[in-house]
Amino acid sequence: MGLPALEFSDCYLDSPHFRERLKSHELELEKTNKFIKELIKDGKALIQALKNLSTAKRKFAESLNEFKFQCIGDAETDDEICIAKSLQEFAGVLQNLEDERTRMIENANDVLILPLERFRKEQIGAAKEAKKKYDKETEKYCGVLEKHLSLSAKKKEAHLHEADNQVDHVRQHFYEVSLEYVFKVQEVQERKMFEFVEPLLAFLQGLFTYYHHGYELAKDFNHFKTDLTISIQNTRNRFESTRSEVESLMKKMKENPDEHKSISLNSMQGYLFVQEKRSFVSTWVKYYCIYHREPKRMTLLLFDQKSGGKIGDEDSFTLKSCTRRKSDSIEKRFCFDIEATDRPGVITMQALSEEDRRLWMEAMDGREPVYTLNRDSQNEAMAQLDVIGFNVMKKFIYAIETRGIDEQGLYRLVGVSSRVQKLLGLAMDPKTCADVELDGTEWEIKTITSAIKHYLRVLPGPLMTYQFQRSFIKAAKLDNPETRVSEIHSIVHRLPEKNRQMLELLMKHLAKVASHHQQNLMTVANLGVVFGPTLLRPQEETVAAIMDIKFQNIVVEILIENHERIFQDVPACGGGQGNSQLNLPRRRSADNKTPSCSERPLTLFHTPTISDQDKEKRNSVVVNSSTEVQTVNCNSTHNWTRLNSLPTGCQDDPQLPKQSRPTSLQNPKLRSSSSTSPASLSPTSPRSPSWPMFSAPSSPQLASSTSSESPSISTPPRKARALYACKAEHDSELSFIAGTVFENVHSSREPGWLEGTLDGKRGLIPENYVEFF
């Protein structure tokens with residue numbers, strides 16, 4: 001179980017349980033800080049003490065092996081599991097290198113010591129400073145509040161009003177400091193996943209360079225290193241999107257704190273001062289009180305925020321009645337009396353403010369006018385899953401696929417808000433929808449894509465429904481990739497009919513977009529980042545929900561990659577592997593096999609190619625619907641599928657060959673007799689357009705079983721350098737990272753592929769991933 005998420009709304013309650021959760025984060029930061037200090041010390045010893053190199057390396061490895069990452073949330077992605085296991089992998093490498101007794105480590109200070117010191121000083125140091133400020137403001141606020149509550153009600157109204165304003169100012173400042181501190185603590189916890197591991201990875205790469213005796217070990221480590229590099233980049237990308245969401249939530253709560261406070265219809269909780277009479281002297285004791293409406297049960301927890309979070313004894317009773325205390329009957333302000341059924345006498349309590357007293361009395365059905373919280377509910381847009389909605393989506397999709405499917409940054413680039421609103425308003429209006437022309441240049445592609453996203457956002461509920469949101473997330477957290485697909489397959493077919501139809505329409509379109517990722521740079525992973533939070537938005541915006549965005553993205557990726565199976569095939573009874581597996585946690589033991597790129601759901605969507613003979617069959621299709629065109633010419637590089645009444649007119653031919661990998665790549669012995677058509681390859685990263693070095697190329701596709709053999713072009717053997725990273729999908733291919741040098745490189749019989757030698761192994765290399773020198 002990882003660290004609990006810290007909700008911003010708890011900063012206003014400042015409950016004992018919130019303090020306990022915050023303390024667990026502080027302990028984890030302190031633990032990380034101590035470990036980094038020890039790691040830096042060991043690293044310096046490793047550089048300076050060449051004679052004790054073996055001992056220092058073993059201790060360094062032991063330190064890595066003992067440390068375990070704690071992630072926020074109840075489950076981890078495959079990338080986070082890979083990163084979490086990285087320290088143990090590093091420890092094993094160092095223990096093996098110790099036997100080689102190497103003598104030199106160069107540049108270790110720059111690649112290891114300085115980044116760790118920078119992270120410790122800039123990130124953990126900033127968190128410590130924020131804690132000091134938070135503790136100081138806590139003490140100040142409690143002191144001012146107690147002094148304020150001690151004022152006599154007989155004071156002049158002006159004096160009391162001035163005192164109220166002063167307390168409100170101090171309280172607001174305390175809340176802001178609390179929000180900033182919680183944000184900083186969670187930010188550092190997330191940052192350490194990549195800013196801490198990356199220096200270690202760079203340090204190990206340096207060791208492989210200078211240790212000749214570790215050459216064989218370095219070759220064995222290359223596979224995991226490639227996976228880890230991709231995992232770090234994926235984790236970094238998810239962190240950036242998650243951080244922006246959390247920061248946005250924090251800013252919303254700063255601007256409108258009253259609208260984001262956690263106010264429940266079934267309970268009320270907060271601090272109250274209870275009058276206790278002892279030996280004819282009345283004292284006021286501070287309690288954290290929790291009241292539940294249904295059993296009318298009040299629980300009092302003795303707790304002092306200034307005492308370091310020490311929780312005292314707990315007391316509870318059943319409420320009988322609640323009455324407001326008149327100001328002229330007691331010296332204290334904001335007081336009310338309650339009676340209990342299971343104890344005699346009247347209990348006098350003091351709230352923190354007039355508004356606080358009103359809320360307490362409202363919750364306990366006190367003898368006061370019942371106030372209702374005035375929350376302005378925003379009017380939902382007119383977007384519905386009706387005939388108009390489907391027609392608008394089909395019209396938008398058709399325009400994108402015919403005009404701009406190859407535009408770079410498709411769906412990432414945002415249109416002008418006013419233009420998006422105008423387009424959507426015209427298209428959704430039955431009076432003007434027929435006049436909207438998307439064929440010309442009046443409407444930019446980014447405006448149309450933004451209109452699609454805006455339509456999905458303003459639906460009364462998310463397309464994949466609040467009801468099944470948690471089920472989809474749990475399915476994405478399962479260990480086995482096939483089980484994830486089966487569970488999601490089952491859940492999709494439990495969606496309402498219109499939701500499933502719209503989801504199928506969207507997923508088919510996104511699959512086509514992903515098939516053009518070489519041109520538009522929008523891979524399956526990128527589309528998941530764009531549409532995950534929209535299709536699976538949670539009912540309540542919390543930090544814990546934001547932490548699940550990465551799993552929302554994975555669900556969308558699975559839907560895109562497996563859209564034909566999910567939407568065309570009815571799932572077997574019982575729903576895949578059964579709902580019993582939804583509660584299985586993702587494993588994190590040291591025995592787990594490191595997830596490979598092919599096992600992760602973040603894989604490249606392969607684009608099938610079409611032979612000339614099939615192209616002729618698909619270029620002329622007759623459509624009977626009145627809303628569709630009679631003939632449509634389809635580009636052969638697109639895998640067109642039927643979109644209900646979408647006027648593309650491109651329908652699947654059952655005789656078209658299924659997408660498959662060339663036989664020659666599955667069996668090297670058959671390479672000489674295989675015949676394939678070249679698949680377009682691009683050095684652009686299928687994973688992230690900003691990071692092409694972490695790419696996983698698609699292999700050449702088999703165009704037709706009857707295509708003629710492509711003659712190979714003989715080229716003299718040369719040296720080549722890798723421009724990008726590549727993860728092998730078959731034994732006949734080579735895995736490598738950017739900068740790898742290949743020997744004896746020349747053309748192969750597979751179009752778009754070269755043959756080369758790496759570390760004595762002969763294999764295939766994507767042609768567009770290397771440069772000759």
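Predicted model: local features only at pLDDT ≥ 70, side-chain atom pairs only at ≥ 80, totals over all residues.
Biologist: Which residue in β11 is the bridge partner of alanine 722?

Modeller: Valine 770. Alanine 720 has phenylalanine 772 as its partner in β11, and phenylalanine 742 as its partner in β8. Strand β8 (residues 741-747) is joined to β7 by three bridges, again antiparallel.

Biologist: What's the strand order in that sheet?

Modeller: It's an open sheet of five strands, ordered β10-β9-β8-β7-β11, with antiparallel pairing. The edges are β10 (761-766) and β11 (770-772), each pairing on one side only. From one strand to the next, the twist averages 40 degrees; axes there are lines fitted to C-alpha atoms (for helices, over the stretch in contact), with angles from 0 to 180 degrees between N-to-C directions.

Biologist: Zooming out, how many helices and strands does the protein have?

Modeller: 23 helices and eleven strands. Those are DSSP runs numbered from the N terminus: helices are H or I with at least four residues, strands E with at least two.

Biologist: And what share of the residues is buried?

Modeller: 52% of the 773 residues. Buried means under 20% relative accessible area, exposed is over 50%, and partly exposed is in between, using a 1.4 Å probe and protein chains only.

Biologist: OK, new topic: β3. Is that strand largely enclosed or open?

Modeller: Five of the seven residues in β3 (297-303) are buried, so the rest of the structure largely encloses this strand. Six bridges join β3 to β2 (residues 281-292), and the two run antiparallel.

Biologist: What's in the turn between them?

Modeller: β2 and β3 make a hairpin with four residues between them, and lysine 296 in the turn has a positive phi of about 55 degrees.

Biologist: Aromatics next. How many aromatic pairs are there?

Modeller: The count is 13. Rings of Phe, Tyr and Trp (its six-membered ring) pair if their centres lie within 6.5 Å; planes under 30 degrees apart are stacked, over 60 edge-to-face, and the rest tilted. Take phenylalanine 35 and phenylalanine 67: the ring centres are 4.6 Å apart and the planes are at 10 degrees, so that pair is stacked.

Biologist: Where do those two sit in the chain?

Modeller: Phenylalanine 35 is in helix α2 (residues 16-48) and phenylalanine 67 is in the loop between α3 (53-66) and α4 (78-100), 32 residues apart, which makes this a link between distant parts of the chain. Both residues are buried.

Biologist: Which residue lies over the face of tyrosine 271?

Modeller: Lysine 286, at 4.8 Å from the ring centre. A charge sits over a ring if NZ of Lys or CZ of Arg is within 6 Å of the ring centre and within 35 degrees of the ring normal.

Biologist: Last one: is histidine 454 buried or exposed?

Modeller: Buried, because its relative accessibility is 18%. Histidine 454 is in helix α13 (residues 445-457). Not counting residues up to four places away in sequence, histidine 454 touches Val420, Gln421 and Leu424, where contact means heavy atoms within 4.5 Å.

Definitions and conventions
Residues numbered from 1 in each chain as written. Heavy atoms only, no water. Pairing = 2+ DSSP bridges.
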